Amino acid sequence: MTEGTKYWNPDLPAGEKDCPEYWQRHFDNYDADLTRGRYHRVLGEMRESCPVAHSDQHEDGYYVLTRFEDVQFVHKNPEIFSSYPVVMPWFGNLRPMIPVESDPPLQKKYRTIVNPFFSRAKQAEKESIYRQYAVEYVEQFAGRDSCDAVTELCYPFVLRVLIKQIGVPEEEVPTVSDIGERLVAMDTSKGNPALELYAYFTKLIAMRRENPGDDIVTVLTQGEIDGEPLSDMEILDYCMAILPAGFETTASAFAYAMLFLAENPNIADELRQNPDQIPKAVEEIVRYVPPIRGLYRTVMTDVEVNGHQFKRGDRIMVNWAAANRDPDAFDKPDELDVTRHPNRHVGFGHGAHLCLGIHMARLELKVGLEETLKRLNDIRIADVDGVAERPGATWNMERLPLTFSYVPAE
Amino acid sequence: MTVTLKGLFPSVVLPLREDLSFAHRNYIVQIQGFARMPLVGGVIVNDEVGEITALAAEERARVVAVAYEAAPDGFPIIAGVRADTHEEAARLGNDAKEHGATALLVLPGSDGIDSPVEFHRELAASTGLPLVAYQGAATSGVRYDIDTLTKICDIAGVIGLKTAIDDVAVYREQYNAVREKVAVLVANEGSNLVETLAAGASGASLDVSNVLPKPWSIMVDNAIRGEVDAAREWFDSLGAKLIDTLRNGGKTAALTKTALMMSAFLPNNLVRPPATAVDDTDSAAVAELLGSAGLLPG
């Protein structure tokens with residue numbers, strides 16, 4: 001039975017364990033009782049009562065930092081706070097994923113290779129391609145009045161953009177999309193998608209060495225560090241990180257954006273009338289509900305943060321979701337204000353590990369929302385009980401049933 | 001920098017490219033992996049399993065420099081120095097110092113070390129770096145008598161002893177003779193490793209701990225703290241099997257790299273002569289061990 005008429009309802013109790021003392025000791029980023037916005041309320045309570053909490057969950061436990069200032073400090077000091085492993089529980093990968101789990105001195109060198117490809121200017125050149133894909137996915141709703149926004153729009157659109165940018169040939173996009181979707185869903189019913197992806201990328205690397213293109217794998221095959229080319233193993237470690245990092249995160253932001261537009265029609269109307277405000281709305285949605293709620297770090301050198309002495313080997317979660325609602329950093333932080341400016345959130349990370357694909361993600365979300373709002377009016381949740389979120393390293397929507405009235409774009 | 005010899009000090013294997021040049025980016029990842037583990041006290045580079053005998057002087061210096069660049073502040077990098085004369089040792093030691101070594105491990109040259117007390121004293125004086133002396137196993141040809149060992153450990157610059165003594169009674173006698181003078185790192189990779197550690201030690205330096213360093217570090221810590229049953233449990237279930245499979249004289253480096261390659265950590269298992277490459281039988285044994293322990297990816 002649904003409690004309340006809106007899906008997003010942070011004040012709902014999160015089960016019998018819903019008290020600050022419990023979360024301070026046992027906070028679990030993947031707790032299914034923290035859906036519907038309760039995650040953000042709980043983290044806000046932790047930030048106020050215990051900004052350096054210690055959870056006993058996952059392996060040997062970990063600290064949770066929730067203050068904006070503390071989160072920024074960690075991100076500004078990658079020499080002290082290692083990025084490997086970047087999630088808990090650990091994926092089991094002995095080699096760090098590149099560059100998200102790389103530390104200085106390699107991290108910057110690895111990023112330098114692909115920075116031009118992901119630059120704002122380079123991505124701007126690709127806007128028409130991204131827009132074309134967005135139009136294709138939204139126009140499939142012509143003549144309809146309902147859809148599942150997650151499976152019919154947000155996921156396939158973002159995945160298609162990314163896969164093409166990685167360098168997958170058109171005829172292989174469906175195959176790789178299937179693997180990618182099973183990978184993020186941790187679906188092993190048809191085999192191990194990680195191994196399938198590994199095999200596929202091995203083939204793709206060889207293909208792009210023979211036939212270079214304007215794509216990420218080609219950039220990596222031509223990349224060098226200090227005059228030495230990347231090894232195939234390094235390129236594989238790059239590719240294995242980019243697909244989940246670039247797909248699920250942006251798809252999540254798009255899906256949450258659709259949820260908030262459906263539950264806040266005034267915001268949808270405002271953006272429909274003022275599409276030039278959409279970039280600000282994108283930033284605000286990523287602040288308000290960052291797809292990655294936080295990442296993990298390993299202390300490399302004894303250090304004090306916010307009065308707590310950390311020792312080498314300690315694990316820390318830097319909680320972006322909590323930092324983004326810190327009243328010391330944001331005015332009215334619990335309000336979704338799509339006109340917010342400036343908006344220096346950490347929803348894309350911060351410092352050396354700032355999201356590599358930030359300009360790509362912003363562009364995808366901008367054109368995705370623009371083309372959606374041009375064609376879909378009166379967007380509403382079809383059935384609150386049909387909405388489903390999936391907690392994870394990236395929090396995501398699993399289902400978002402919407403109703404709308406379709407109008408052809410002018 | 002003050003060097004504390006406490007915990008596990010893996011002797012790091014040397015990753016190589018297909019052309020047998022030093023794969024330094026893999027090495028950075030290895031060093032940083034060790035540094036993330038709180039019970040790993042530091043690393044030893046340019047040790048025997050690090051193929052020191054196959055490296056030119058400038059390559060040894062490069063290995064130290066890469067390790068230093070990779071390591072976080074305060075994480076000790078102990079560099080092996082292997083030379084036939086103390087003049088050569090001093091030159092190599094100063095090279096290592098210049099490139100970031102925090103201490104030196106004094107390995108025997110091809111003919112052992114003449115006048116070992118003088119050798120250590122002069123090396124300490126000429127480099128100014130703390131020294132870790134090395135006491136070999138019975139078969140190593142480098143085994144100081146207790147009097148010589150005590151004199152070496154009396155030298156002001158000698159802060160540690162890495163000892164491969166594999167007889168617990170002999171170990172205990174030597175440990176008791178030097179324990180007030182230096183920190184002792186156990187390097188006995190035999191079936192009585194746990195008992196050796198439990199007899200008293202500051203830590204351990206194990207070639208085999210390149211593979212699964214975290215459980216090795218926990219086992220070492222448990223044994224030293226007297227939690228012998230806990231140490232034994234892991235050692236008997238896996239540690240001893242790793243030693244049996246990976247420790248094999250001149251093949252140790254290649255076998256260790258084979259395990260790391262099969263674990264998808266290193267790209268290959270290549271070694272330089274005089275280290276010996278593995279054959280199909282060796283590889284099958286490593287695969288069987290890792291497979292039975294659930295350590296093969298996929």
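## Helix packing, interface and local geometry

In this predicted model, helices α8(B) and α9(B) pass each other in a left-handed crossing. On the α8(B) side the contact is made by P215(B), W216(B), M219(B), N222(B) and A223(B). On the α9(B) side the contributors are V228(B), A230(B), A231(B), W234(B), F235(B), G239(B), L242(B) and I243(B). Sorted by class, this contact of α8(B) with α9(B) comprises eleven nonpolar residues, two polar ones and no charged ones. Helix α8 of chain B covers residues 213–224 and helix α9 of chain B covers residues 228–246; their axes come within 9 Å and cross at roughly 140°. Angles over 145 degrees would count as roughly antiparallel, and the two helices are therefore oblique to each other.

Chain A supplies two further helix pairs. Helix α7 (residues 149–166) and helix α15 (residues 358–375) of chain A have axes that come within 11 Å and cross at roughly 135°, which makes α7(A) oblique to α15(A). The crossing of α7(A) and α15(A) is right-handed. From α7(A), L153(A), F157(A), V158(A), V161(A), L162(A) and Q165(A) take part, and they meet M360(A), E364(A), V367(A), G368(A) and T372(A) of α15(A). The contact of α7(A) with α15(A) has seven nonpolar, three polar and one charged residues.

The other pair in chain A joins helix α8 (residues 173–184) to helix α11 (residues 232–263), packed at an angle of about 80° with axes 10 Å apart. This angle makes α8(A) roughly perpendicular to α11(A). G180(A), E181(A), L183(A) and V184(A) of α8(A) touch L243(A), P244(A), F247(A) and E248(A) of α11(A). By class, the contact of α8(A) with α11(A) is made of five nonpolar, one polar and two charged residues.

| Helix pair | Axis separation | Angle |
|---|---|---|
| α8(B) and α9(B) | within 9 Å | roughly 140° |
| α7(A) and α15(A) | within 11 Å | roughly 135° |
| α8(A) and α11(A) | 10 Å | about 80° |

The next topic is the interface of the two chains. In chain A, 26 residues are in contact with 26 residues of chain B. Between them the chains bury about 1900 Å², with 55% of this on carbon and sulfur atoms. L94(A), M300(A) and R312(A) lose the most area on the chain A side, together 29% of what that side buries. Five salt bridges are found across the interface of chain A and chain B. K214(B) and D60(A) also form a salt bridge through their side chains, at 3.3 Å from N to O.

Over all chains, the whole structure has 54 salt bridges. The side chains of D31(A) and K17(A) pair in a salt bridge at 2.8 Å, N to O. D31(A) is in the loop between α1 (20–26) and α2 (38–49) of chain A and K17(A) in the segment before α1, so the pair ties together parts 14 residues apart in sequence.

Some backbone details of chain A remain. R36(A) is found in the loop between α1 and α2 of chain A. Although R36(A) is not a glycine, its phi is positive, about 65°. I98(A) and P99(A) are joined by a cis peptide bond with omega about -10°, and P99(A) lies in the loop between β3 (81–82) and α4 (106–118) of chain A. A cis peptide bond also links H341(A) to P342(A), with omega about -5°. P342(A) belongs to the loop between α14 (320–323) and α15 of chain A.

Note on methods:
Residues are numbered from 1 along each chain as its sequence is written. Chains are lettered from A and ligands numbered from 1 in the order in which they are written. This is a predicted model: local features need pLDDT of at least 70, side-chain atom pairs count only at pLDDT 80 or more; totals for chains, interfaces and linings use all residues. Side-chain values use heavy atoms; hydrogens and water are left out. Axes are lines fitted to C-alpha atoms, for helices over the stretch in contact, and angles run from 0 to 180 degrees between N-to-C directions. Helices (H or I, at least four residues) and strands (E, at least two) are DSSP runs, numbered from the N terminus. Angles under 35 degrees count as roughly parallel, over 145 as roughly antiparallel, 65 to 115 as roughly perpendicular and the rest as oblique. A crossing is left-handed if the near helix is turned anticlockwise from the far one by less than a right angle, and right-handed if clockwise. Contact means heavy atoms within 4.5 Å. Ala, Val, Leu, Ile, Met, Phe, Trp, Tyr, Cys and Pro count as nonpolar, Asp, Glu, Lys and Arg as charged, and the others, Gly among them, as polar. Buried area is the accessible area (1.4 Å probe) that two parts lose on being put together, summed over both. A salt bridge is a side-chain nitrogen of Lys or Arg within 4 Å of a carboxyl oxygen of Asp or Glu.
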